[in-house]
Amino acid sequence: KNPSPLIYFSPTSRFHNPFTPTPFTMSMSGIEMHEDTLDKLTQFSRSQKKKSANIRFLILKINKKQGKVLVDAENNTADSETAFNEMLELLSPENIRYVCFKAEYTTEDGRTAEDIAVFLWRGAKTKMKNKMVYASTYNMVKSAISSKMQHEYD
């Protein structure tokens, strides 16, 4: 006798409803977020309110052997322009990376503001298969940031 289509047996629990919401920590490609990466992304998004522990940017990469997204580089430079130039030096035509950058700027009325921009860097010399894996995991990375993103680039 077949079980109900809404409930199926899972090795971790006796019965599992597939419509139960779960944390978005795995992408359709099978790549997961590493716990340390989730912690860094949380710290990155919350440090916008606390200037003492300000992370200016995070560069993330996929480790295919582990099947996880890991932190590749991090920067705590206070100056936004200097940090941006340092970030650009780490991105090459041979690699693909997720970049979370916190830009500080002055508005038209003279106020200092800070926004988070997230983008997917795809080097010109990378293979199509790798581009597809990163693209299918991009939404998971965006959803892991625990604050509102003001800008998103691809």
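**Notebook: fold, cores and aromatic rings**

Reading along the sequence, I noted the pattern β-α-β-β-α-β-β-α-β, and I counted 3 helices and 6 strands, where helices (H or I, at least four residues) and strands (E, at least two) are DSSP runs numbered from the N terminus. I kept in mind that this is a predicted model, in which local features need pLDDT of at least 70 and side-chain atom pairs count only at pLDDT 80 or more, while totals for chains, interfaces and linings use all residues. Residues are numbered from 1 along each chain as its sequence is written, and side-chain values use heavy atoms, with hydrogens and water left out.

**Burial and contacts**

I looked up burial and found that 35% of the 154 residues count as buried, which is to say under 20% relative accessible area, with exposed being over 50% and partly exposed in between (1.4 Å probe, protein chains only). For contacts (heavy atoms within 4.5 Å), I noted that among those between residues at least 6 apart in sequence, 56% join residues at least 24 apart.

**Cores**

I then looked for nonpolar cores, meaning sets of buried Ala, Val, Leu, Ile, Met, Phe, Trp, Tyr and Cys residues joined through side-chain atoms within 4.5 Å. The largest has 21 residues, and M33, L41, L58, L60, V69, Y98 and C100 have the most contacts inside it. Two or more residues come from each of α1 (35–46), β2 (57–63), β4, β5 (112–122) and α3, and α3 gives the most, with 5 residues. I followed L41 and saw that, leaving aside residues up to four places away in sequence, it touches M33, L58, L60, C100, V141, A144 and I145. A second, separate core has 9 residues, including I59, A73, M87 and F119.

**Aromatic rings**

I found 3 aromatic pairs in the structure, using rings of Phe, Tyr and Trp (its six-membered ring) with centres within 6.5 Å, where planes under 30 degrees apart count as stacked, over 60 as edge-to-face and the rest as tilted. The Y98 and Y134 pair is tilted, because the ring centres are 5.0 Å apart and the planes stand at 35°. This pair links distant parts of the chain, with Y98 in strand β4 (residues 96–106) and Y134 in helix α3 (residues 128–144), 36 residues apart. Y98 counts as buried at 0% relative accessibility, and Y134 counts as buried at 6%.

Y98 also pairs with Y138 in a stacked arrangement, 6.2 Å centre to centre with 10° between the planes; Y138 lies in helix α3, so this pair ties together parts 40 residues apart in sequence. I recorded Y98, Y134 and Y138 as one aromatic cluster.
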